[in-house]
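Hello,

Here is the structure for you to look through. Open it first, then read my notes below.

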Amino acid sequence: MSLILNVLHKAFSLNSSMLHTAASIQHEIQFATPRADLTNSLKKSCDVKVQYLHERQVISLTPKNKTPTKTIIYLHGGAYVGDLQIAHWWIIQALIDKTAASVIVPIYRLAPHATIDSELPFVLACYDSAKTADIYLAGDSAGGGLAMALAIELRKQNKPKPKAVFLFSPWLDATMTNPAIDEVAPNDPMLDKGGLIWCGQVWAGTRPTTDPQVSPIYDELNDLPDLHIYQGTYDIFIADAKRFAEKAKQAGTVCHLHIFEKAFHVFMGATIAPESKQVFTDIQKVMGS
């Protein structure tokens with residue numbers, strides 16, 4: 001673990017997770033942190049366009065003085081109940097800097113006021129609206145789960161696949177029933193399965209949490225685009241990332257699981273850390289930028 005991640009790990013460990021229980025997260029939702037505004041850096045380096053699809057906001061970022069041939073659709077995390085935060089914009093900035101792609105950021109509505117059934121048609125419409133030939137999906141945490149739900153929906157509808165899907169510490173099983181989670185939990189300074197179980201249930205709505213578009217690990221995982229998972233060992237989601245990657249490979253899907261020792265949940269948001277830089281350099285190579 002780099003010095004930067006070590007310091008951040010210790011800092012996060014001092015704060016109790018709001019995801020500890022269903023009650024604690026419901027309390028936090030009442031005082032939710034508002035969505036973070038775009039950074040000044042993004043405003044300076046990109047042409048910013050705000051549109052509306054399905055009565056929801058879509059933010060498009062295009063590098064200035066360039067004509068991108070690639071588009072990344074980025075879906076932010078937050079356990080489906082938390083809004084987009086400053087670290088998400090840092091990740092998006094790093095993606096643009098490394099790939100020169102345009103990025104579409106769907107501002108999907110959050111649980112418990114929204115569910116997978118209400119938001120999946122919206123993110124699908126965002127995908128359909130992309131203008132470039134080469135489209136990629138990316139997402140962190142719950143956003144990674146939603147990116148996989150979109151990839152599965154595209155397969156179901158026989159629509160063109162994205163070129164690849166980049167998953168940053170993805171939430172792949174909302175049931176949180178993998179026994180290996182408890183082995184990792186003492187080292188995870190950010191996540192706790194108690195609150196996450198509730199978040200998964202409200203996001204699922206009328207579906208069971210074992211529905212493949214709520215918990216992608218329950219999909220057959222066949223006939224999907226190439227998958228690239230970036231995961232730390234100090235993150236309880238690593239337990240299901242390993243199972244997911246193995247299942248995808250057995251189904252014939254190309255799936256690269258990149259494991260970073262002692263890295264915490266969505267560590268790539270610390271974009272100055274060596275581990276984070278390694279992630280974005282790998283994505284640059286994959287996209288041929």
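How much of the chain is helix and how much is strand over residues 72-268? This is a predicted model, and over that stretch the chain is 37% helix and 20% strand.

Eight strands form an open sheet with mixed pairing, in the order E1-E2-E4-E3-E5-E6-E7-E8. Strands E1 (46-53) and E8 (255-264) stand at the edges. Each has a single partner strand, so one side of each is left without a neighbour in the sheet. On average, neighbouring strands are turned by 20 degrees against each other, direction ignored.

Look at one pair. Strand E3 (residues 70-75) runs parallel to strand E5 (residues 134-140), and the two pair over 6 bridges. Here Ile 73 stands opposite Leu 137 in E5.

Helices pack on the sheet too. Helix H1 (residues 3-13) touches E7 (226-234) and E8, and its direction makes about 70 degrees with that of E8. Helix H5 (residues 116-129) touches E1, E2, E3, E4 and E5, at about 30 degrees to the direction of E2.

Nonpolar side chains tend to be buried together in soluble globular proteins. The largest nonpolar core here has 60 residues, and Leu 146 and Trp 171 touch the most other members. Helix H6 (residues 142-156) gives the most to this core, with 9 residues. Beyond its close sequence neighbours, Leu 146 has contacts including Leu 75, Tyr 108 and Trp 203. A second, separate core has 38 residues, among them Cys 46 and Met 268.

Best wishes

Methods
Residues numbered from 1 in each chain as written. Predicted model: local features only at pLDDT ≥ 70, side-chain atom pairs only at ≥ 80, totals over all residues. Heavy atoms only, no water. Helix = DSSP H or I, 4+ residues; strand = E, 2+ residues; numbered from the N terminus. Pairing = 2+ DSSP bridges. Axes fitted to C-alpha atoms, helices over the stretch in contact; angles between N-to-C directions. Contact = heavy atoms within 4.5 Å. Core = buried A, V, L, I, M, F, W, Y, C linked by side-chain atoms within 4.5 Å. Buried < 20%, exposed > 50% of the residue type's maximum accessible area, 1.4 Å probe, protein only. Lists of a residue's contacts leave out its neighbours within four places in sequence.
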